[in-house]
Amino acid sequence: MKKLRVIIVDDEKLARTYLADLLSPYEDLDLVAECADGFEAVKACAQFKPDVIFLDVQMPKLDGFEVLELLDPVPHVVFVTAFDDYAIDAFGVHAVDYLLKPFSPERLAQAIEHVRQRSSAPQQLQSLLDDRGADGRLLQRVAVRDGSAVHLIAVGDLDYVSAQDDYIELHSGQRSFLKHQTLTSLEKRLNPEDFVRIHRSTLVNLHKVERIEAWSKDSKIAIMKDGTRLRVSRSGYQKLRQSLDRD
Amino acid sequence: MAGDFQRQVRYGYWLGWIPLSALVVVLLYAHKGLGVAPALVSGILLSLFYAFICRSSSYMCASLSLSKTRIPRLALIFVSSSLAAAGIWVLAAMGLGMLVPSWSRGLESKFDLLFGLGVAFYLFAVAFNYTVLAVYKARRAELEAEKSRTLAREAQLRALRAQVDPHFLFNSLNSIASLSLSNPGGSREMCLQLAAFLRSTQKLGPLATISLEQELQLVRQYLAIEEQRFADRMQVHLHVPRECQDRRLPPLLLQPLVENAVKHGVSTLNKDAWIRLEARCDSQMLYVSMSNRYDPLAPRAKGTGRGSSLVLDRLRASYGPKASMRLETLGDTWRVELEIPSAKDGTGP
């Protein structure tokens with residue numbers, strides 16, 4: 001049997017040690033990295049391409065769900081946390097298992113068995129990608145990976161987001177970032193009072209809109225505070241007017 | 001309370017009869033009545049007798065509620081009973097006259113007067129009884145209201161009692177499980193710390209206050225355990241002047257704040273986390289300020305938002321508007337300030 005490559009991500013040293021100690025008897029598991037925060041996790045996953053990741057939820061820098069959004073390909077995920085509040089969100093991102101701290105060696109064995117079953121079945125990665133982040137929480141920031149570096153953009157700093165094939169391009173100030181995600185899935189996780197889809201391929205931060213002008217007989221154009229001009233579709237214009245009138 | 005009140009009423013009643021019996025004596029003496037000594041003796045004896053008669057009216061008053069009995073019926077009952085009582089008094093005076101023949105003439109000349117007085121005294125006694133009953137009822141209502149206020153406040157405080165966040169327990173137990181494999185001595189040490197902390201919190205009643213020093217001892221115990229989890233990255237500074245250490249405050253008031261500082265502060269940072277707790281005090285107030293570094297961009301952890309509002313609710317329940325709480329964030333520093341009425345001599349407001 002192929003050895004499964006494992007990464008442990010937890011900000012508490014004792015929690016990492018416990019898991020590592022309990023995993024050491026498994027000869028078909030290969031512990032390739034232990035990470036103390038989300039950044040390290042993203043980096044290590046890019047480097048080692050693990051099969052399984054044991055992931056804490058509350059961590060400095062990036063939480064467990066944000067780490068998942070940045071992984072490509074996505075390994076099998078076992079959440080390890082003291083909070084049962086995240087269990088439903090974990091289902092949303094197709095986690096293999098959800099271990100509550102403290103857990104017994106037997107419970108861990110079960111989780112590993114689930115991972116083995118899952119890894120022998122063919123994965124449907126694309127559906128997993130689409131569902132990532134579909135845990136119902138409103139975003140406060142967007143995490144973007146650039147090579148092994150991770151950028152965090154506060155949602156309020158976003159000017160607009162445009163769709164580029166399978167990617168979205170996030171514009172913030174003078175900079176822009178590409179991320180593998182659909183515009184619709186991002187839109188679902190942003191506060192609709194702040195962000196409006198003004199066009200099939202454009203999502204705009206209302207607070208960064210300067211004014212709306214007529215472009216031709218049928219179409220309008222939004223002028224951003226930094227001067228950027230964005231096309232507004234007919235239905236987009238209606239949504240924009242509703243949102244602006246509300247303010 | 002009730003016993004005291006009844007005794008006072010009894011004293012009042014008999015003291016009230018002293019001037020009344022003086023009046024009787026004077027009336028028996030006046031206008032060619034009895035001589036001084038006979039008037040004195042017979043006046044006191046008759047007054048004493050009549051005081052007992054009138055006293056019996058209190059049972060009637062207690063059973064006839066002023067508000068629930070119709071006025072004509074009340075009037076009928078008390079007029080007739082006062083006439084009867086006055087009649088008995090006159091008969092008593094007659095009896096006395098028969099026992100001491102030399103007084104009988106003097107007494108006989110006062111029968112009409114005694115009868116009139118008897119009716120008036122009896123009605124006075126009725127009025128006195130009703131006044132006493134009304135005062136008693138009012139006092140009891142006040143006591144009941146006070147008692148129910150106290151009960152309500154106690155219930156509120158009990159509901160607001162700070163409880164240690166269960167996630168803290170789960171995480172600590174996980175650390176102990178980990179140490180049990182890698183460092184059995186350390187795991188025993190941490191078990192003991194955890195037990196000591198839990199025992200200290202169990203001992204606290206919901207209502208009493210504890211000194212700031214005791215509260216800080218709990219905070220230290222708690223943070224000592226958390227330091228096992230975050231040893232590499234957290235620093236704790238406690239600055240409490242000696243003169244503030246014996247100020248009183250509700251137990252575990254600061255606990256949710258310290259828990260928040262760990263949960264939303266320390267655990268969002270991978271290094272250089274700190275928690276600072278400072279206190280100062282003047283003659284009436286205790287000021288506690290707690291600040292910690294945090295990551296303003298960190299996603300909000302779940303199951304939260306109750307911690308600081310619980311603290312404010314407890315302050316309000318214990319001290320009313322005199323207490324206050326202020327939250328502020330400054331860059332990467334989160335800060336909460338409490339103003340707690342807590343006087344120097346250890347009494348609350």
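Good morning. Over all chains of this predicted model, the count of salt bridges comes to 25. The side chains of Glu34(A) and Arg16(A) meet in a salt bridge, with an N to O distance of 3.9 Å. This pair joins distant parts of the chain, since Glu34(A) belongs to strand 2 (residues 29-35) of chain A and Arg16(A) to helix 1 of chain A, 18 residues apart.

Let me turn to the contact between the two chains. Chain A contributes 27 residues to the contact, and chain B contributes 28 residues. The size of an interface is often given as the accessible area lost when the parts come together. For chain A and chain B, the buried area is about 2500 Å², and carbon and sulfur atoms give 55% of it.

How many salt bridges cross the interface of chain A and chain B? The rule finds three. In one salt bridge, Arg233(B) is joined to Asp11(A), and the closest N and O atoms are 2.8 Å apart. Six residue pairs are also in polar contact across the interface of chain A and chain B, with both residues at pLDDT 80 or more. On the side of chain A that touches chain B, the largest share comes from helix 1 (residues 13-23) of chain A, with six residues. By class, that side of chain A divides into 12 nonpolar, three polar and 12 charged residues.

I move now to the backbone of chain A. Strand 6 (residues 141-146) and strand 7 (residues 149-154) of chain A pair in the antiparallel sense over six bridges. Opposite Arg141(A) stands Ala154(A), in strand 7 of chain A. The hairpin of these strands has two residues between them, and Gly147(A) takes a positive phi near 65 degrees there.

Most residues other than glycine have a negative phi, and most peptide bonds are trans. Lys49(A), a residue other than glycine, has a positive phi near 45 degrees; Lys49(A) lies in the loop between helix 2 (38-48) and strand 3 (52-55) of chain A. Asp72(A) and Pro73(A) are joined by a cis peptide bond, with omega about 0 degrees, and Pro73(A) is placed in the loop between helix 3 (64-70) and strand 4 (76-81) of chain A. A cis peptide bond also joins Lys101(A) and Pro102(A), with omega about -10 degrees. The loop that holds Pro102(A) runs between strand 5 (97-100) and helix 5 (105-120) of chain A.

Finally, I come to the confidence of the prediction. Chain A has a mean pLDDT of 86, and 92% of its residues reach 70 or more. Where in chain A is the pLDDT below 50? This is the case over residues 125-129 of chain A, a stretch that has seven contacts in the model beyond near neighbours in sequence. For chain B, the mean pLDDT is 87, and 95% of its residues reach 70 or more. For the complex, the predictor gives an ipTM of 0.72 and a pTM of 0.65. Thank you for your attention.

Key:
Residues are numbered from 1 along each chain as its sequence is written. Chains are lettered from A and ligands numbered from 1 in the order in which they are written. Side-chain values use heavy atoms; hydrogens and water are left out. Contact means heavy atoms within 4.5 Å. Buried area is the accessible area (1.4 Å probe) that two parts lose on being put together, summed over both. A salt bridge is a side-chain nitrogen of Lys or Arg within 4 Å of a carboxyl oxygen of Asp or Glu. A polar contact is a pair of N or O atoms within 3.5 Å; within protein, one must be able to donate a hydrogen and the other to accept it, and residues adjacent in sequence count only if both atoms are side-chain atoms. Helices (H or I, at least four residues) and strands (E, at least two) are DSSP runs, numbered from the N terminus. Ala, Val, Leu, Ile, Met, Phe, Trp, Tyr, Cys and Pro count as nonpolar, Asp, Glu, Lys and Arg as charged, and the others, Gly among them, as polar. pLDDT is the predictor's confidence in each residue, from 0 to 100. Two strands pair if DSSP finds at least two bridges between them.
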